[in-house]
Amino acid sequence: MGDLIENVSRTGDFWARAVSIYGSYKATQIKSFLLRNLAGKDEEWLKDKVWVPQHEHAGRAMYELCVALRGFYLKAGQFVGSRSDFVPEQICRRLTLLCDKVPPMPEAQARATLMRELGVRDLGEVFEW
């Protein structure tokens, strides 16, 4: 039952963060449309003043999502960060930090995960120290 609760919690955390990132892009899209059509701003101005800050914000949010949820999300973030051919530069720059600057998992959490996954009560049953 504990695994089910943890999985549901992680799924909820992912979707809350993903919807927030998506929503920020939709809000930026509307802002950009209004600034272009009502204030007469050109594409270069919109890129510098609207889209670059949005991509920086999204990159931070994606990095935090990956670090918080770890596992698959960390690997997915590493992959996305390596795809500068179709992901904005600001996001790639932030996500490439996932390749070598990920905060370590606390030792107690790592031990608990290993014991649970290996089905043992003591890691000494599996590993020699």
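Author: One term before we start: a nonpolar core is a set of buried Ala, Val, Leu, Ile, Met, Phe, Trp, Tyr and Cys residues joined through side-chain atoms within 4.5 Å. Also, please keep in mind that this is a predicted model.

Reader: Thanks! So which residues touch the most other members in the largest nonpolar core?
Author: Those are Ile91 and Leu98, in a core of 16 residues. At least two residues come from each of helix 1, helix 2, helix 3 (71-81) and helix 4 (89-95).

Reader: And which helix gives the most to this core?
Author: Helix 2 does, with seven residues.

Reader: Okay, helix 2 then. Where is the kink in helix 2?
Author: At tryptophan 51, shortly before proline 53, and the kink is about 35°. Helix 2 has 27 residues and spans 36 Å from first C-alpha to last, close to the 39 Å expected. Just after helix 2, arginine 70 has a positive phi of about 50°.

Reader: At what angle do helix 1 and helix 2 pack?
Author: About 180°, with axes 10 Å apart. Angles over 145 degrees count as roughly antiparallel, so helix 1 and helix 2 are roughly antiparallel to each other. Their contact has 15 nonpolar, seven polar and seven charged residues.

Reader: Switching topic: is aspartate 85 buried or exposed?
Author: Aspartate 85 is exposed, because its relative accessible area is 56% and exposed means over 50%. Aspartate 85 sits in the loop between helix 3 and helix 4.

Reader: Nice, and how far apart in space are aspartate 85 and valine 126?
Author: They are 44 Å apart, C-alpha to C-alpha, and 41 residues apart in sequence.

How values were computed:
Residues numbered from 1 in each chain as written. Predicted model: local features only at pLDDT ≥ 70, side-chain atom pairs only at ≥ 80, totals over all residues. Heavy atoms only, no water. Axes fitted to C-alpha atoms, helices over the stretch in contact; angles between N-to-C directions. Helix = DSSP H or I, 4+ residues; strand = E, 2+ residues; numbered from the N terminus. Parallel < 35°, antiparallel > 145°, perpendicular 65-115°, else oblique. Nonpolar A, V, L, I, M, F, W, Y, C, P; charged D, E, K, R; others polar. Expected span 1.5 Å × (residues − 1). Bend = angle between axes of the 7 residues up to and from the residue. Buried < 20%, exposed > 50% of the residue type's maximum accessible area, 1.4 Å probe, protein only.
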